[in-house]
Amino acid sequence: MPTPRAEFLAGARATIPLVIGALPFGIIFGAAAITTGLSPLATIAMSIFVFAGSAEFIGVGLVKAGVSVPIIILTTFVVNLRHALYSATLAPYVKKLPQRWLLPLGYMLTDEAFVVASTHYADSTSDPTYKHWYFLGSELILFVCWQIFTWVGIFAGTHFQDATRLGLDFALSVTFIGMLIPLMKSRPVLASVIVASVVAVIANPLPNKIGLMIAALSGVAAGVIAEGRGKPEPETIAISEEIAP
Amino acid sequence: MNEFVLVLGMGLVTFLIRYPTLVLIGRIPLPDRVFRALRYVPPAVLAAIIVPSVLIPDGTHIDVSISNSYLIAGIVAALISWRTKNLLATIVLGMVVFLIWRLIVGV
């Protein structure tokens, strides 16, 4: 059985590639927030208290566009709704943990930590006793690094304004591609991915990432339907493999 | 300045999405069917984020052409990931292909 310490370090290690993928975004966020007129303190506070890259970006974008505070908060809620899906997915695995564990695990839940943790939890070949330490290790390295990246961005100021020219906006896409492909091992997952992709493109004009939610739910439905039609396999979803190199 | 109202409000709604779901769903016994369905969330969410980002790089127009560096590098990255199963290699090589392709097509 792996020790808590070993699980924690393994979780952090498995997340390093994703931290690298998030690096340009943290820096761009810090720089963009400052150039938009947010104070350094508010920028730092946003990365600590919100800790959700895309929502932080959109929040800064809306500040720049002169949108009112209540509308920005409402938008943040809609943009971050997908986290409810993540929480619901991970909840069965963590239901026996006390509040002192659930509070930080829930607080620091992000896209990246979700994929890393859910992959590890779904791996039935390893001992589940201390997997929450793995989850925490993944979340904590992301949290700490995101703060550092934000600070670097604040100090970098205007130097990284033109993110698209540097190609930094592609970093997140390529990171997610590297996470998705190893998951595509069965027909139901393939069906789920294809449907989610098509719906995401069609629903893309909808505001506030609503299209993303609809696409994700369509993909889940497609996976379930495809699973029901195929012959019953116990390991239909092959997310049991470590995604880290 | 109400930027601190902004930050705390954004933080509060985000927390209220993440934490209660994690606690409450865990307390309710989930039917096996729901549990199985939830396992399709990661691939579906990833696909829903990736595909528009490479197919609609400007956010409004679908661009299926060789001058779309996002699409070309995205396809190459997918192939690298498929062959190597190595996340770091996929990120690094994907970025290199993206930057080189962008230089070639000059967009």
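View 1. Leaving aside neighbours within four places in sequence, A171(A) is in contact with G21(A), P24(A) and M95(B); two residues are in contact if their C-beta atoms, placed from the backbone, lie within 7 Å. This is a predicted model, in which local features need pLDDT of at least 70, side-chain atom pairs count only at pLDDT 80 or more, and totals for chains, interfaces and linings use all residues. Residues are numbered from 1 along each chain as its sequence is written, while chains are lettered from A and ligands numbered from 1 in the order in which they are written. A171(A) is found in helix α10 (residues 170-180) of chain A; helices are DSSP runs of H or I with at least four residues, numbered from the N terminus. A171(A) is buried, because 22 other C-beta atoms lie within 10 Å, and the cut-off for buried is 20 or more (exposed: 12 or fewer; partly exposed: in between).

**View 2. The largest nonpolar core.** This core has 111 residues, and A196(A), A216(A), A47(B) and A48(B) have the most contacts inside it. Its largest share, 15 residues, comes from helix α1 (residues 4-36) of chain A. A nonpolar core is a set of buried Ala, Val, Leu, Ile, Met, Phe, Trp, Tyr and Cys residues joined through C-beta atoms within 7 Å. Not counting residues up to four places away in sequence, A196(A) touches A215(A), A216(A), S218(A), G219(A), A44(B), A47(B) and A48(B).

**View 3. Confidence in chain B.** Within chain B, confidence is lowest in helix α2 (residues 32-38), at a mean of 77, and highest in helix α4 (residues 69-84), at 96.

Conventions: Helix = DSSP H or I, 4+ residues; strand = E, 2+ residues; numbered from the N terminus. pLDDT = per-residue confidence, 0-100.
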